[in-house]
Amino acid sequence: LHMGKTMKEDLTVVAKYIKQLYPPEFDVFSIYAELYHNYFASQAKKNAESHLEDKDIYLLLSWVHNFYPKEMRKDHALAMELDKVKLGSLLPSSLSKELEKKYLDSEEVTVKTSLSRCLDKEIQRWKEDKEPEKLNGHFQSELLGIFVIQSIYSGQKRAEDISKAMGEELSRRLLKELPAFLRSYRDAFEDFKEKSKKHRYYKPILIANINNCWNFREYTEKYMAEKDDSKADILSTLADIENSGFDVLLQQLFAQLKPMYKKFTENKWDSSSEIMNEIIKTTSKHISDFQTLKDPFYHAIVEKIHARLVKEYIVRLLKRKVSLKTPAQQQTLAQHISKNAADLEAFCTSNGSQATWLNSALPKLAEIIRLQDLGAIKIEVATLATSYPDIRKRHLEAFLHIKANLSRSELKSILGYLADSTASTQPRAPLFSNINVS
């Protein structure tokens, strides 16, 4: 700092007062500038070749890349004169590169160690079985969700303050560390999930960990290029953590719903409104527990519930337990299904489900049951297959068991029409492909 200040002040005096006392051909400013620069550079080289602590390396590189070329040599009183003098860098390129590598290696290890300690502390907190903190009504772990990103960002920022190139290189290195850290996090989360089911705050801790994923997602989307292999790796690991957490949170609800859905076929849909009300009431109690999820995850879990409610209903329709011979009987069942579908849609939508793609499945199936004209049934089957391209012959055949007044040739004709209309289109989200037909 003393050398820098002295050089800057003295060269300012040379530029303002001394230069004009010499003939122009003496180029006196250049002589002074080169002498000061050579001395400064020799001292910098001497320092660089001695044993330096990490902070010293950082400071020296800051002088080489930042303070000396930008703060001193671009000073308004000196810039015009110094531009005429080719002074070069404070350090030889090879020595500068060596220091840069030392700094980057050290910073990488520092951040890596910091992340590892952070995860250890987080695991310890899970074991203490305390309720996680809340931010805006959402469970979260400030330590993991925020500190990890902060550590990586701070490391990148420090390197970037030396030079843009160093910032980019450290960013590349640290973003490669993130997938490895998240895999360790996922493994620790799985271990906790399996071994800590009796903890008092088991579910809040699961929710906090799902919420943690949001900060990592945002950071990855913002700072990583689409073509970066690490990006797909990170997003895949985060999806593993989120889905694993969702599965546990939904386990109890889905177990409670299964016997309720069986009642539809046991009662041949006679009390279907009461059964659907029971399903909705049970589901509603569980959904209230999920309000502590961050909004994107709350919507995701509600959509999983929505898909499960529709799927389970279709499963009952495909069980071949009901076979109706008259159009009037089929009309009555179609009305029951339409009413159940409307109640289901209203409930899921009011609770934040944005899975509108599910809403037409049951009404379309109800319409196939209601219709009696073969041509009209085929058209409805075609529209169903367009909306849900993962429906297969085995699904439709099991479903058409309900329409006992169809002849064998009519059934064959309808099934053939489905095969023609369901090419190889992949569904945006699966519905029928998740349903096994016995």
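Reply: Ala, Val, Leu, Ile, Met, Phe, Trp, Tyr, Cys and Pro count as nonpolar, Asp, Glu, Lys and Arg as charged, and the others, Gly among them, as polar. The model is predicted: local features need pLDDT of at least 70, side-chain atom pairs count only at pLDDT 80 or more, and totals for chains, interfaces and linings use all residues. Residues are numbered from 1 along each chain as its sequence is written, and side-chain values use heavy atoms, with hydrogens and water left out.

Me: What makes up the lining of the largest cavity, by class?

Reply: Six nonpolar, two polar and one charged residues form that lining. The residues are His306, Val310, Ala341, Leu344, Glu345, Leu358, Asn359, Leu362 and Pro363. Helix α12 (327-350) is among the elements giving two or more residues, and α12 provides the largest share, three.

Me: Why is this space called a cavity?

Reply: On a 1 Å grid over the protein atoms alone, a cavity is a set of points where a 1.4 Å probe fits but cannot get out, and lining residues have an atom within 4 Å of a point.

Me: Why are α6 and α8 described as roughly parallel?

Reply: Angles under 35 degrees count as roughly parallel. Helices α6 (residues 142-162) and α8 (residues 202-223) pack at about 25°, and they are therefore roughly parallel to each other.

Me: Which residues of α6 and α8 meet?

Reply: With contact meaning heavy atoms within 4.5 Å, Ile149 and Tyr153 are among those of α6, and Phe216 and Tyr219 among those of α8. The contact residues comprise nine nonpolar, five polar and no charged.

Note on methods:
Axes fitted to C-alpha atoms, helices over the stretch in contact; angles between N-to-C directions. Helix = DSSP H or I, 4+ residues; strand = E, 2+ residues; numbered from the N terminus. Parallel < 35°, antiparallel > 145°, perpendicular 65-115°, else oblique. 1 Å grid on protein atoms, 1.4 Å probe; cavity = no way out; pocket = protein on both sides within 12 Å on 5 of 7 lines; lining within 4 Å.
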